[in-house]
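Here is a short briefing on the structure shown below. Look it over, then read on by topic.

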Amino acid sequence: MNTASWVLIASEAWSGALAMVQPLGGAVTAVVVGPRELADEVTASGSGDVLWLEPADGVPAEAYAGTLAAIVAAAAPRVLVSTYDPACRVVLGAASAQLHARLVPNVVGLAWAGDNVLVQRAAVGGATIETLSTDGPVAAIYAGDEVSLPARAPAPVRRLDLAPAEIRILASEPVAVATGLDDAERVVSFGRGVRAKDDVALVRGLAEALDAELACSMPIADDLGWLEKSRYVGRSGNHITPALYMAVGIAGAPQHMEGVRGAKVVAAINSDPDARIFQTADYGIVGDLYEVIPALIAEVHK
Amino acid sequence: MKAVVVYKWARNAADAIVRTDGSIDWRNARMAAGEDDPAALAAAKQIAADTDGTVIGLTIGDGDASWALARGVEQAVCVADAPNLADNGATAAVLAAAVRYIGDVDVVVIGDSKQEPGVAVALAGELGWPALVGLHSASMPAGQLQAVRRTVGEQQTLSLSTPAVLGMSAESDADQVPGMKELLAARKRPLTKVTLSDLGTPPVDLVSVGCRKPDSTPSRLFQGEPAQAAAQLVAALRAEGVL
Ligand SMILES: Cc1cc2nc3c(=O)[nH]c(=O)nc-3n(C[C@H](O)[C@H](O)[C@H](O)COP(=O)(O)OP(=O)(O)OC[C@H]3O[C@@H](n4cnc5c(N)ncnc54)[C@H](O)[C@@H]3O)c2cc1C
Ligand SMILES: Nc1ncnc2c1ncn2[C@@H]1O[C@H](COP(=O)(O)O)[C@@H](O)[C@H]1O
C-alpha cells in the first residue's frame, strides 16, 4: 500500500502540518519554497527528504505551482498536505488536480482505516469535527495548531531549479504603522458594547490599570472612527499574540477572533451569557461593562 | 476580457447549530452568498471596466442564481444539480467544467473563503491556469492583469498573465444590497441552467463517517456581583501569570 506523504511549506507555520503526517508511518517528503533558512529549519526536524526551491527575485512562490505540481504528481503520494498559506494552497490545488486527489480543507488529523485514509476536518467554523473516509489520494489543508517538533539528525536538502510562470511582484510596500500592539504583553480591546465615544475613556482607564495596549473591533475603527484603523483586531486588521487579550463588549465574530488566535489567555466581558466570545474565551465575566470595568480597576489597584 | 465571477448561494454555516453529538442542524440556516463573493464581484467588474469586457456569473447548486444578476452582472450560468460536496476538488471540477462550457474565458474571479479554502486553488489546478489567492483587489490597467494583497505589515502588487484564476478575500462586509429595481431587472437577464450530465462530470466525494464535538476546555465564567466577579477574574489571571 502507498503510504507516502508530501508536505508543502512556503511560510513560517509548518510544524503542525508536518507533525500531522508523521503518525501515518510512511515516507515523508517536504517541499520548501522560500529562503534557505526555512529549508534548514525543516531539515532540522529530520522527518524525511527535503526538496527546496528558492524563488527568483521579484517572483512569488505561486509562479512555480505548475512545475512543482508535476513533480508531486510524478511521485504520486497518497497524502499531500499544505498549510493555509496562500502560496502553499496554490501549489496544493495544482498538484491535487494532477493527482486526482480528494481535496479537504480545515483538516486537523489523519489516520488509516485499513486501506482508507480517515480525514478529520473542522466544520461549521470549528464547532464540530467531521471524519471523512476515502480510498483514494488525499490533499489536505492543515488547520490545526503549531507544535514543537523534537530536533533530529538533519535530512539532506535537495535543491530544485525550476522555471517560473508569468507571475511577478510589481511592488511591495510596508503598511503597518507602529501601534505597539505587535509585541504587547497585554491588550485591552473593546467593541460595540461601548455605547458612546466619551466612554472610550473608561476602557482606556482599564488598559492603563493593566499596563495594556488599547485595541478594538473593526466597526469601532471603521464605522465609528473612535480609534485609529491601525488598532483594530481581526482578519483584515491586526493579528496579535499577547499573553492576555481582554475583550470588552465584543461579540466574538469569527473574523474578529482570527486576529487573536495566537493569544495565550483570552478574557471576555460581555452582558450576554450566550455571546459567541464565551465559546472561545478562557475566562469571562457575564456583566455590564459599565459596572465591571470600574470594579476591575479597583481590584487591580488593591 | 471575458471574466467569470463564481459565487455561491447556499446555507450560511454561521447560522447552523451543532448538536451535542456534533451533528449539524441546518434548519435555521438562511441562504446567503459566500462572505467573500462581494469582493470577487467587485474585482470582476473592475477588470471588465478596465478592458471594456464582460462579466458572466457562475454558480452551482439548486439555489437562487439571481444574486449576481441583481448586482449588475448581465448573464449567468448555473449548474443546478451539483450537490454540496465535502471535496473542494470535486466542487472545483464542476466549476472548471462550467468555465470550459462558457468558453473563451480570460479570467475567473472567485471568493477565497475561509470555510472552503481549497475551491479557488483546485479550480486553477483543474483548469491548469496560474492563480493567486488571498487577494484584496484586482484590475487590468494597460492590458495587464494586476492584483493586490495585504499580509501583516506588507502590501504586495502582483501581475500575472491570462488566463488566470483570482481568489478574493473580503476585508469587510462590502455587499451592496440591491433595490427593487435591480431585483426586477435581474429577472429579465439571461440565466442558463446546465446539468452535470451536460458537463460530463459526475462528482465523486468522500464518505462521512461521523461528527464529534472538538475537545476544548470550556471557559470559566464569573457571574454575579461586579466586585466579586472582578476579584475572581483578577485572581485567575494572576494565577495564569498574565497580570
Ligand atoms: C469579510 C469580513 C471581514 C471582517 N473582518 C473583521 C475584522 O478584521 N475585525 C473585526 O473586529 N470584525 C471584522 N468583521 C466584522 C465582524 O463580523 C463583526 O461584525 C464585528 O467584529 C462585530 O463587532 P463588535 O463585536 O464590536 O460588535 P457587536 O457584534 O455589535 O457586539 C457587541 C457586543 O457587546 C455586548 N454588549 C452590549 N452592551 C454591553 C454592555 N453594556 N456590557 C458588556 N457587553 C455589552 C453585546 O452582548 C455584544 O456581544 C468582518 C466582517 C466581514 C464580513
Ligand atoms: N455550491 C457552490 N456554488 C458556487 N460556488 C461555490 C459553491 N461552493 C463553493 N463555491 C465557491 O467557492 C467559494 C468558497 O466557498 P464557500 O466557503 O462555501 O463560500 C465561494 O466563494 C464560491 O465562489
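**Briefing**

Across the interface of chain A and chain B, 32 residue pairs are in polar contact, both residues being at pLDDT 80 or more. A polar contact is a pair of N or O atoms within 3.5 Å; within protein, one must be able to donate a hydrogen and the other to accept it, and residues adjacent in sequence count only if both atoms are side-chain atoms. This is a predicted model, in which local features need pLDDT of at least 70 and side-chain atom pairs count only at pLDDT 80 or more, while totals for chains, interfaces and linings use all residues. Residues are numbered from 1 along each chain as its sequence is written, chains are lettered from A and ligands numbered from 1 in the order in which they are written, and side-chain values use heavy atoms, with hydrogens and water left out.

**The interface of chains A and B**

- Strand β10 (residues 167–174) of chain A gives the most to the side of chain A that touches chain B: eight residues. Helices (H or I, at least four residues) and strands (E, at least two) are DSSP runs, numbered from the N terminus.
- By class, that side of chain A has 40 nonpolar, 13 polar and 16 charged residues. Ala, Val, Leu, Ile, Met, Phe, Trp, Tyr, Cys and Pro count as nonpolar, Asp, Glu, Lys and Arg as charged, and the others, Gly among them, as polar.
- Chain A brings 69 residues to the contact and chain B brings 73 residues. Contact means heavy atoms within 4.5 Å.
- About 6100 Å² is buried between chain A and chain B, and carbon and sulfur atoms give 59% of it. Buried area is the accessible area (1.4 Å probe) that two parts lose on being put together, summed over both.
- A:Val124, A:Arg235 and A:Tyr283 supply 11% of the area that chain A buries against chain B, more than any other three residues.

**Salt bridges**

- The count over all chains is 23 salt bridges. A salt bridge is a side-chain nitrogen of Lys or Arg within 4 Å of a carboxyl oxygen of Asp or Glu.
- Six salt bridges cross the interface of chain A and chain B.
- A:Arg102 and B:Asp87 join their side chains in a salt bridge, 2.7 Å from N to O. This pair crosses between chains: A:Arg102 is in strand β5 of chain A, and B:Asp87 is in the loop between β7 (75–79) and α3 (88–102) of chain B.
- B:Lys114 pairs with A:Glu258 in a salt bridge, with the closest N and O atoms 4.0 Å apart.

**Ligand 1**

- Ligand 1 lies between chains A and B.
- Around ligand 1 there are 31 residues, and the closest are A:Arg192, A:Ser217, A:Ala251, A:Gln255 and A:Asn270. A residue is near a molecule if one of its heavy atoms lies within 4 Å of it.
- The shell around ligand 1 holds 10 nonpolar, 13 polar and eight charged residues.
- One oxygen atom of ligand 1 is 2.6 Å from a side-chain N or O atom of A:Ser217. An oxygen atom of ligand 1 is also 2.8 Å from a polar backbone atom of A:Met218.
- A nitrogen atom of ligand 1 lies 2.9 Å from a polar side-chain atom of A:Asp288.
- Alone, ligand 1 exposes 990 Å², and the protein buries 82% of that. Accessible areas come from the Shrake-Rupley method with a 1.4 Å probe; for residues, only the protein chains shown count as cover.
- In chain A, α6 (218–222), α7 (254–257) and α9 (289–301) are the elements that give two or more residues to the shell around ligand 1.

**Ligand 2**

- Ligand 2 has 13 residues around it, and B:Lys8, B:Asp37, B:Ile60, B:Ser113 and B:Glu116 come nearest.
- By class, five residues of this shell are nonpolar, five polar and three charged.
- β6 (54–60) and β8 (107–111) of chain B each supply at least two residues of the shell around ligand 2.
- A nitrogen atom of ligand 2 lies 3.0 Å from a backbone N or O atom of B:Ile60.
- An oxygen atom of ligand 2 is 3.1 Å from a polar backbone atom of B:Val6.
- Ligand 2 has 470 Å² of accessible area on its own, and the protein covers 92% of it.

**Backbone points**

- Most residues other than glycine have a negative phi, and most peptide bonds are trans.
- A:His100 is not a glycine, yet has a positive phi of about 55 degrees. A:His100 sits in the loop between α4 (86–99) and β5 (102–113) of chain A.
- The peptide bond from B:Thr162 to B:Pro163 is cis, with omega near -5 degrees.
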